[in-house]
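Please walk through this structure with me. The report below takes it part by part.

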Protein chains: 2
Amino acid sequence: MKKNILVGQSGGPTAVINASLYGVVVEGMEHLDEVEHVYGMVHGLEGFLKDDYLELSEDLTQKELELIKLTPAAYLGSCRYKLPGDLTSPVYPTVFEKLEALEIGYFFYIGGNDSMDTVSKLSLYADRIGSSIRFVGIPKTIDNDLMLTDHTPGYGSAAKYVASTVREISLDASVYNQPAVTIIELMGRNAGWLTAASVLARQHEGDNPLLIYLPESVFDFQAFSEDLADALRRQPNVVVCVSEGIADSSGRLICEYNDEAKLDSFGHKMLTGCGKVVENFVHNRFNIKVRSVEVNVSQRCSSLISSAADVEEAVLAGSFGVRAALEGATGKMVSFARTCQDPYTLQCSLVDVDQVCNQEKTFPAQWITGHGTDISPEFVDYVLPLIQGELKHPMKQGLPLYAFRRS
Amino acid sequence: MKKNILVGQSGGPTAVINASLYGVVVEGMEHLDEVEHVYGMVHGLEGFLKDDYLELSEDLTQKELELIKLTPAAYLGSCRYKLPGDLTSPVYPTVFEKLEALEIGYFFYIGGNDSMDTVSKLSLYADRIGSSIRFVGIPKTIDNDLMLTDHTPGYGSAAKYVASTVREISLDASVYNQPAVTIIELMGRNAGWLTAASVLARQHEGDNPLLIYLPESVFDFQAFSEDLADALRRQPNVVVCVSEGIADSSGRLICEYNDEAKLDSFGHKMLTGCGKVVENFVHNRFNIKVRSVEVNVSQRCSSLISSAADVEEAVLAGSFGVRAALEGATGKMVSFARTCQDPYTLQCSLVDVDQVCNQEKTFPAQWITGHGTDISPEFVDYVLPLIQGELKHPMKQGLPLYAFRRS
């Protein structure tokens with residue numbers, strides 16, 4: 001007897017989370033003998049609990065699907081809803097009643113750590129009540145911090161964006177012939193994967209960024225001061241990349257160094273990132289021209305230079321998840337294994353979702369060099385295959401055309 | 001008798017200032033009967049005064065020239081050097097001795113207001129001493145604030161970048177189903193041309209950005225508060241675009257509202273932009289989820305989505321300038337005239353550089369609507385032709401390849 005698919009997106013957006021949605025919908029429609037409809041939760045499980053969902057397999061044209069595939073952010077909308085740990089909570093029967101009412105046989109959640117936690121709990125509850133509904137997680141995060149996978153869809157495009165943007169800002173920083181420091185703050189609270197990608201910005205020996213600091217190593221102002229002085233002896237324009245989550249030896253976040261005095265003239269708190277704090281430190285310690293640039297959300301939502309390899313792998317993660325669920329998998333997350341480095345080849349497999357959820361894969365210590373100021377060539381070998389290829393975006397009146405949900 | 005060309009870049013970088021350099025070099029090389037060498041000043045006039053210049057017509061391969069054409073920032077390096085107003089200053093004979101020593105017949109300066117001031121003064125001095133050297137300015141600025149020209153090379157690409165980026169950030173801002181405000185701070189201290197381009201980000205009726213504030217109209221916190229409340233009644237996710245230079249009715253910059261209390265824990269000043277101040281105001285007045293994003297220098301140095309029309313016109317400005325100088329023009333700036341709106345056609349002409357320098361063309365008041373919160377369709381008609389077309393960048397290992405000067 002035919003069943004329906006329900007797919008949702010959860011957590012922060014990426015440039016390719018919609019490519020995984022595309023993979024789920026298109027693959028689901030190729031199994032018409034087993035699948036009747038593909039439904040999409042609007043705003044994830046939170047929205048579904050309010051009966052907010054869409055029909056995707058019939059109501060979307062192929063043209064719309066192709067546009068969704070190349071649209072950043074989350075087409076279905078997202079949420080930060082976390083299920084209670086207590087499986088006797090009344091929310092569980094409520095969810096399953098709604099799933100049964102829609103005749104859902106296969107549930108796919110595209111997201112990061114927290115989303116995998118949702119998949120884990122729902123599959124546990126299904127097992128407890130003897131439900132046949134299958135729950136599979138599709139990985140997604142620009143942070144690349146999920147366990148048991150070579151990398152995550154979304155990271156490649158974000159890394160490519162970071163490398164290109166740091167390269168351009170470094171060119172911009174080099175036009176004047178006077179000593180100047182540029183601090184670039186990149187995303188990554190606990191994991192430095194994205195900031196590490198700034199090493200790719202270098203075009204030649206001695207090119208910027210000269211200093212790269214990740215959350216995985218202690219940020220010491222005195223050591224930084226010496227490293228910067230040394231860099232300034234080598235060249236007048238120095239670009240420094242810092243992860244938003246860098247902290248001192250006591251674990252205190254650098255961005256919190258302005259806690260005490262961040263009031264504006266309304267007497268209200270002014271929050272600034274670690275880039276501003278480091279900019280300030282350089283200004284006062286070195287008395288030199290310095291500015292800070294926070295690259296901000298474009299790291300996760302820019303499609304201007306998304307990686308073709310990343311988009312393709314994101315689609316693959318979605319379609320593989322559907323095939324796996326149809327073959328009986330539940331309580332699993334789709335995982336990537338690098339079967340060969342040169343030429344790069346990838347294989348999808350499944351891992352137990354409860355071994356993934358609520359954990360973080362941080363940047364390997366052995367890939368951090370120069371006593372915490374640089375990144376090793378081994379990382380470059382690792383990341384290069386993930387940023388290869390560009391896609392031609394559909395354009396309209398000179399601007400990228402993106403899909404949006406009509407509400 | 002053959003003479004040489006000297007070309008320099010001055011002021012802030014743009015995505016296409018190197019396309020104008022390309023235009024000057026390539027056009028110069030096509031007049032071998034009149035032009036012997038094309039030299040480039042390194043770091044503008046300031047560098048030239050230290051005898052820092054390059055040979056461009058012989059030492060660069062065609063491949064290198066094509067790469068320079070698509071490289072952002074200033075290939076020759078830039079400066080913020082201003083010549084003294086007193087033409088009896090000893091710097092003038094020094095400059096002209098160096099120009100004569102290099103047998104320069106034609107001097108081109110690619111830049112904005114200040115650079116045109118340099119062209120004006122040098123041509124005045126040439127006239128005073130009866131020198132036959134001709135001085136022509138090539139316009140360049142993302143701010144689009146030069147007088148006597150329909151628009152400036154560099155603006156189209158920056159406007160395209162702003163519109164695409166605001167569109168992507170608006171998608172990112174719309175994923176959660178809870179009321180939230182996103183403040184996007186865009187470049188423009190006195191002229192709102194770039195911030196106005198954010199109106200192009202809208203894909204449908206009622207799309208973000210819902211509110212757009214330019215420096216040309218007074219920013220009043222009470223009025224903003226009412227406009228925002230009204231916008232939040234219409235939809236949960238509101239994106240607000242503000243120019244860095246917005247000011248209150250007394251002329252006080254909004255970014256200065258945190259002057260009094262911008263100390264970090266080292267007791268040092270913390271400078272933040274107007275976006276942070278407005279974010280803060282919203283947070284405290286509305287008690288709602290709010291963030292601010294400063295798009296920053298990528299507006300002037302990103303080539304990821306530069307406008308093909310802008311690149312082509314920037315090349316044209318350079319080559320037209322060379323032809324004009326060879327025909328006798330001096331003390332002029334290359335100017336663009338829109339000869340037809342639909343289909344868009346452009347014609348180059350010359351204007352007296354001293355009517356351009358040290359002036360700013362601000363955004364037309366009649367194009368500001370919604371009592372200072374929106375932009376009129378007439379501006380959209382004006383700007384659309386300037387952002388048309390994309391270029392394929394040379395890529396290497398998944399990243400844009402850019403030209404750099406070997407020092």
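How many of the 6 residues of strand 5 of chain A are buried? The count is 5, so the strand is mostly covered. Buried means under 20% relative accessible area, exposed over 50%, and partly exposed in between (1.4 Å probe, protein chains only).

## Basis of the model

This is a predicted model: local features need pLDDT of at least 70, side-chain atom pairs count only at pLDDT 80 or more, and totals for chains, interfaces and linings use all residues. Residues are numbered from 1 along each chain as its sequence is written, chains are lettered from A and ligands numbered from 1 in the order in which they are written, and side-chain values use heavy atoms, with hydrogens and water left out.

Helices (H or I, at least four residues) and strands (E, at least two) are DSSP runs, numbered from the N terminus. Two strands pair if DSSP finds at least two bridges between them. Contact means heavy atoms within 4.5 Å.

## Two copies

The same surface serves both copies: 100% of the contact residues of chain A recur in chain B.

## The seven-stranded sheet

Chain A holds an open sheet of 7 strands. The order is 3-2-1-4-5-10-11, and the pairing is mixed. Strand 3 (53-55) and strand 11 of chain A stand at the edges. Each has a single partner strand, so one side of each is left without a neighbour in the sheet. The twist averages 30° from one strand to the next. Axes are lines fitted to C-alpha atoms, for helices over the stretch in contact, and angles run from 0 to 180 degrees between N-to-C directions.

Strand 1 (residues 3-9) and strand 4 (residues 104-111) of chain A run parallel, joined by 6 bridges. A:Gly8 has A:Tyr109 in strand 4 as its bridge partner. Strand 4 and strand 5 of chain A are also paired in the parallel sense, over 6 bridges. There A:Phe108 stands opposite A:Val136. Strand 10 (residues 332-341) and strand 11 (residues 344-352) of chain A are antiparallel, over 9 bridges. They form a hairpin with 2 residues between them. A:Lys332 stands opposite A:Asp352 in strand 11 of chain A.

Two helices lie across strands of chain A. Helix 1 (residues 17-29) lies across strands 1, 2, 4 and 5, at about 175° to strand 1. Helix 5 (residues 113-129) lies across strands 4, 5 and 10, at about 170° to strand 5.

## The four-stranded sheet

An open sheet of 4 strands in chain A has the order 7-8-6-9, with parallel pairing. Its edge strands are strand 7 (211-213) and strand 9 (289-294) of chain A, and each pairs on one side only. The twist averages 15° from one strand to the next.

Strand 6 (residues 180-186) and strand 8 (residues 237-243) of chain A run parallel, with 7 bridges joining them. A:Ile183 is bridged to A:Val240 in strand 8. Helix 6 (residues 155-173) of chain A lies across strands 6, 8 and 9, at about 165° to strand 6.

## Helix 5 of chain B

Helix 5 (residues 113-129) of chain B has 17 residues. From its first C-alpha to its last it reaches 25 Å, close to the 24 Å expected at 1.5 Å a residue. That expected span is 1.5 Å times one less than the number of residues. Of the 17 residues, 12 are buried, so the helix is largely enclosed by the rest of the structure. Among them are B:Met116, B:Val119 and B:Leu122. The buried residues pack against helix 2 (44-48), helix 4 (91-101), strand 4, strand 5 and strand 10 of chain B.

B:Gly112 lies in the loop between strand 4 and helix 5 of chain B. B:Gly112 is buried, at a relative accessible area of 11%. Leaving aside neighbours within four places in sequence, B:Gly112 is in contact with B:Lys140 and B:Leu146. Just after the helix, B:Gly130 takes a positive phi of about 70°.

## Nonpolar core

The largest nonpolar core has 84 residues. Such a core is a set of buried Ala, Val, Leu, Ile, Met, Phe, Trp, Tyr and Cys residues joined through side-chain atoms within 4.5 Å. Not counting residues up to four places away in sequence, B:Phe379 touches residues including B:Tyr155, B:Trp193, B:Phe363 and B:Trp367.
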